[in-house]
Amino acid sequence: MCSKTALLLLLLAGLAPAQKFLRDDPVERDPDDRNIPAPKRYKLSDYYDFIQNSFGSPGDRRPRTAMNVNTLGEVPESTWFSNRHGRRRMPVEELVRGPDQDTGPAEGTLTILGAKNEGITPGFRPVRDSRGGLYAIKFDPPGNLEMATSADVIGSKFFYAIGYNVPEYYVVYIRADHLELAEDAVITDTLGRRRNMDRRDVQQILNKVARTSDGRYRAVASRILPGEDVGPFRYYGTRPDDPNDIFPHEHRRELRGLWVFAAWLNHDDSRAINTIDFLVKENDRQFIRHHLIDFGSILGSGSVSEQKPRAGNEFLWEPSPALVRIATLGLWDRGWILTRYPRYSSIGKIEADRFRPEKWKPEYPNAAFQNCLPEDAYWAAKIVMAFTDEEIRAIVRTGKISDPWAEEYLAGCIIKRRDHIGQHWLTQVNSVDNFQIDGSQLRFEDLAVKHGFREKPAGYTATWYRYDNPADRKVVLGGPEQDARSPLGIPAELRGGPEGAYYSLAIRRRGENRDKIPKAVHLYFRRGSGRLDIVGIEREE
Amino acid sequence: MHRRRIWVSLDGLPLRVRTSFPGFLWIGLLTATAAAQTPPDSRLKQWQSLREKKAEQLAPPVRTGLENFLYNFREQRVLEKFAAGWHHFHAKVGGLRTGSGFALGSEYRRERLVNGLLDIRAGAAVSKRHYEKAEFAIGLPRLANEHVFLEFTATYRNFPQEDYFGLGPRSRRQDRTNFRLEDTTYLGTLGARWWRKRMLAGLRGGIIAANAGPGTDPRFASTEKVFNAANTPALELQPDYYQFGAFTGFDYRDEPGNPRSGGNYVFSWDTYGDRNQSRYSFRRYSAELQQYLPLFNRRRVFAFRAKTSLTDTSPGQSLPFYMQETLGGSEDMRGFREYRFRDKNLMVYNLEYRWEVFSGMDMALFGDAGKVFTRRSDFDLGRLEGCYGVGFRFNQAKAVFLRIDIGRSREGMRYFFKFGHVF
């Protein structure tokens, strides 16, 4: 698929105008929900996905700016991503509600229509509640009541608030006698044979899962997504039968930045098999919406057991440390093997003290994560830092973990891991941000300083330019560097300039990187009719 | 097709693409077509233009050859079908004694019959060196909510090239001979598990009919040509036995298939009565202690095993040479050949330092020490044979499925490829 399509895209991209800004920049929404012909369902080989990504390097690995960002460096709204908590603060009740449309399966009997035959967690799929809602039901592993189910729910709330499309997840408690078997319920056995399901099948599944002290089963019910399942998306290339899918996935910022979010929440199972594309119909159009699914293996949960200490620290197959361990007879190893975890069966194994976001690894590499540049990670880190301690605690409470110590420990880990992310990624580029034009002044914040990751600098310097957009050329306006602080006065020429004129501003932190030119943030302004707009932000790395 | 790699620079960025000669034509055509167009002045128009171009050449996703193979391998559930067998028949690969050559067989297996209580299996296997084994087992392993089990097995073995070096710790390597061991065993076991199924106790009883005869390995002399009845009990005439015994154990290993913490302690007592000659009755006491000490999040494990077996014979009784305890081989003394030492009693110690190389493989350094001995007074740490080596263990989540151990002793190097863990 890829060579022809990618070549076409890149050739056409090369024919785009040389000028940095087009008249509709910055684009706020990518209209990738145009009507498309029905695509074919594509099922991924997870063996192949592992082999291809562990032993090869699919996709384009050139270090280049993400292709789907707008000129402000933000991700436009699309079928992949919606700017939520990172763009406008969501109230706590909205964060807690997440993607959920209601309260989950109705009280009473759940009718089993089939048994879950994919994935490693025992469960039923689909089941129908008394209101006719369809859900997939998964359980906790024996010995770890609440662990996988809470991880699923908490994960869905976080990833939704970040901006991804995720299913609705609800914690439910089920009595065995509330599970009714539909007459035409089918189960696919281990050999792939479909047959009618009977009560023994139900009991066999229930025998493998955790029970509460009063004999009930705690489960997570995920609402079946609307639309037609057309298979997972990969972390590289584009889908050849979806004309809306034009940006190679390894160059999508929300997929590159997913590495940072996955690190935050220890989502080491963030592989293609845990994504899904759905063909949805809205109004007269049908298009593909892209989802992340299955968060049972995040935080301290490994779905069917507690998370392995390796998770997040090393790929399943990584030749260098393996060879060194062989050569040194195991006397050498990475620091993660020394990590100590408190014993909380309801949350599994997670910690924050040894967490280094820039070194975090999923189960195996993928092109989008490998392509994540500091600017992508900065974008993601800003969103991570948007979650306050109280908001994090509120989201963790949705996991309904009965042990308050475990719940507080988990929330504390997420808070600390958030801070590690901010500490690292907000300091890799100039973090002057949150620009606002306020009359004749420009306000800004230094996010690293705001969050306490950097000391307040001695000051900032500002250099104003006239900017020739077609020629991509700058001419200094009003002299060389000036001392600057927020709010910064905007030169009169910008406020009174002709419509369509472009200007630029470079802001640097003063007093650091003495032997190098301090990293700058470049802002671009455009005069509109009677107003000045910020149309571009570039950060030097 | 002839393919070449070219460098194309677009938008100031070098791009490495692979194409073929027709590909050059295709690029040229596209370039010419696109150059004739005016670049859009709108980002959305630009994107829309890309989408329209792509819409003209949509194609369904296609799997590569390897991907297709792996997809079908998984989708057709090849491994599951192999494990499940055909109409309850399962292929058996290996499973006979080390040194017997490649073995192949079949087993008929039914589980959870009669309300899920009854299991049956019957199978036979033969190896390249004509080792034969047939077994029938019927069991009720899930009585009393899986706390009680009852099993009956009948086993026939015909092993024509069993090694014999003579009895005692000083047997010589150059005295290697071989003999045929043919036996049939009927054994019933009744046991119970309790306290999270960690405690185990039970009784067993059965009968054994054995014959020993000339070995068929042409490389070595047959046992009766080198040894005689005076130094090799029951060489000429082999008794039949009844057996009765009891066993108990405590197992708190985390994963019995690949333990990283916990322990397993097993004790047993058995009495063997000579049914027809009254010359070879004996009693046997066995103990095996396994302990696993994890370090560093269980990525390092010290595994220790101590095993002993002591045999009592009443005055006037002796122990047939083929019923004597053996030492050597893949399960205990890995620097020695299988069954290198035989005697009434044995003791063996194994220490392994295991470390994880990556998620699918562990390695181990091991040291084995042990001896066989005749008199109880030799039950001490003196005159132990020793060996050491390195092992590679390929594992899944809960079990080692392949083990490669390389052991070295005063008698040289030994290599073992085994399915399953050593302990």
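Let me begin with the largest nonpolar core, which has 96 residues; A:Val260, A:Phe261, A:Ile347, A:Ala381, A:Val384 and A:Leu410 touch the most other members. Helix H4 of chain A (residues 147-162) supplies the largest share of this core, 10 residues. A second, separate core has 22 residues, among them A:Leu442, A:Tyr465, A:Leu494 and A:Tyr502.

By nonpolar core I mean a set of buried Ala, Val, Leu, Ile, Met, Phe, Trp, Tyr and Cys residues joined through C-beta atoms within 7 Å. Buried means 20 or more other C-beta atoms within 10 Å of the residue's own, exposed 12 or fewer, and partly exposed in between, with C-beta atoms placed from the backbone. Helices (H or I, at least four residues) and strands (E, at least two) are DSSP runs, numbered from the N terminus.

This is a predicted model: local features need pLDDT of at least 70, side-chain atom pairs count only at pLDDT 80 or more, and totals for chains, interfaces and linings use all residues. Residues are numbered from 1 along each chain as its sequence is written, while chains are lettered from A and ligands numbered from 1 in the order in which they are written.

I turn now to the backbone. A cis peptide bond with omega about -5° joins A:Asp25 and A:Pro26, and A:Pro26 is in the loop between helices H1 (2-14) and H2 (46-55) of chain A. Another cis bond joins A:Ser486 and A:Pro487.

A:Asn266, not a glycine, has a positive phi near 55°. A:Asn266 is buried, because 29 other C-beta atoms lie within 10 Å.
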